[in-house]
Amino acid sequence: MSEETGSDPERRDFAGRVVIVTGGARGQGEAESRLFAARGAAVIIADVLAEEGRALAEALQAEGRAARFVYLDVSDPKSWEGAVALARDWKGRIDVLVNNAGIINRSTVANTGLEAWERVMKVNLTGAFLGIQSVAPVMAETGGGAIVNISSNSGFSGHYDPAYTASKWGLRGLTRSAAMEFAGNSIRVNAVCPGLVVTGLNASSPHLKPMIGMTPMQRSGTPEEIAELVAFLASDAAGFITGEDFVIDGGFTAGAAYRRVATETGIF
Ligand SMILES: NC(=O)c1ccc[n+]([C@@H]2O[C@H](COP(=O)([O-])OP(=O)(O)OC[C@H]3O[C@@H](n4cnc5c(N)ncnc54)[C@H](O)[C@@H]3O)[C@@H](O)[C@H]2O)c1
């Protein structure tokens, strides 16, 4: 295949590339860490979950992959200095940053205290901001890279967790601003907006059943399906894509509400 088509499988390969996945110890971040490692990347699993993160790095090493764990609280600028230092000492470069770490609050406007609101913003939104600010200059030193911010399909609608929703809408704005700013450094910045994926974040939530029921594809997504999209956007195959957000939710955002109307009125 020619250079221009972008369809050469090598363009999805990460050999020689260094990838940081925040919140990489479990859930979608774990699937992303595993996929990047399988495609040849040196992966830095960055998380507050030290035991799980270390165990994952060791498991990947045992499979012959290149992986390290670093303790990273994404909301703490000092913590980012440590993660960047590890990448520099280990491989001298950073090619991909996945801002995946996230928490939920699951409380209404009326019931959310200021501290809870600020905690969600600090991890979900400020964490990605600090990540981009810390990592983009390092990427620029070696000719560019790709950043993928994990937003949500809640970043397109009003969700009953307002702090989470606002942080995920905010990530879409941050994505576009950063894409504009760093295009000149050959750094692409995109957002992935998953629908329901059953992980430690929501496994015990009562909303799983109704959400699956309303999802046109009638199921939740898997962490591996999300990881595939993240890896594509981080790869050279997505070389002309920047500043965009990609919903991956089995059709929920596309029209779950009208599908329900059509089902209830017998149209479908
Ligand atoms: N699960 C879903 O249905 C769903 C849907 C849309 C978007 N998302 C988003 O996907 C991302 C991954 O979530 P998940 O479903 O894998 O959940 P998860 O809870 O399994 O994983 C989140 C990870 O982030 C880490 N983390 C939390 N706070 C951190 C901090 N301050 N610093 C560093 N790491 C921290 C956790 O330790 C954990 O490993 C999140 O941003 C989440 O908002 C999830």
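This is a predicted model: local features need pLDDT of at least 70, side-chain atom pairs count only at pLDDT 80 or more; totals for chains, interfaces and linings use all residues.
Residues are numbered from 1 along each chain as its sequence is written.

Let's start with the sheet. It is open, has seven strands in the order S3-S2-S1-S4-S5-S6-S7, and its pairing is parallel. Strands (E, at least two residues) and helices (H or I, at least four) are DSSP runs numbered from the N terminus, and two strands pair if DSSP finds at least two bridges between them. At the edges sit S3 (66-71) and S7 (245-248), each pairing on one side only. From one strand to the next, the twist averages 20 degrees.

S2 (residues 42-47) and S3 run parallel and are joined by six bridges; Ala46 has Val70 in S3 as its bridge partner. Between S2 and S3 the chain passes through helix H2 (residues 50-62), a right-handed β-α-β crossover (with the strands pointing away from the viewer, the path from the first strand over the helix to the second runs clockwise).

Which helix lies across S4, S5, S6 and S7? That is H7 (residues 223-234), running at about 165 degrees to S6. Angles run from 0 to 180 degrees between N-to-C directions, and axes are lines fitted to C-alpha atoms, for helices over the stretch in contact.

On to helix pairs. H1 (residues 27-38) packs on H7 at about 55 degrees, the axes being 8 Å apart. H1 and H7 are therefore oblique to each other (angles under 35 degrees count as roughly parallel, over 145 as roughly antiparallel, 65 to 115 as roughly perpendicular, and the rest as oblique).

Finally, H3 (residues 77-90) and H4 (residues 114-141): their axes come within 10 Å and cross at roughly 30 degrees, which makes H3 roughly parallel to H4. Pro77, Trp80 and Val84 of H3 meet Leu130, Gly131, Ser134, Val135 and Val138 of H4, contact meaning C-beta atoms, placed from the backbone, within 7 Å. Those residues divide into six nonpolar, two polar and no charged (Ala, Val, Leu, Ile, Met, Phe, Trp, Tyr, Cys and Pro count as nonpolar, Asp, Glu, Lys and Arg as charged, and the others, Gly among them, as polar).

Notes
Two residues are in contact if their C-beta atoms, placed from the backbone, lie within 7 Å.
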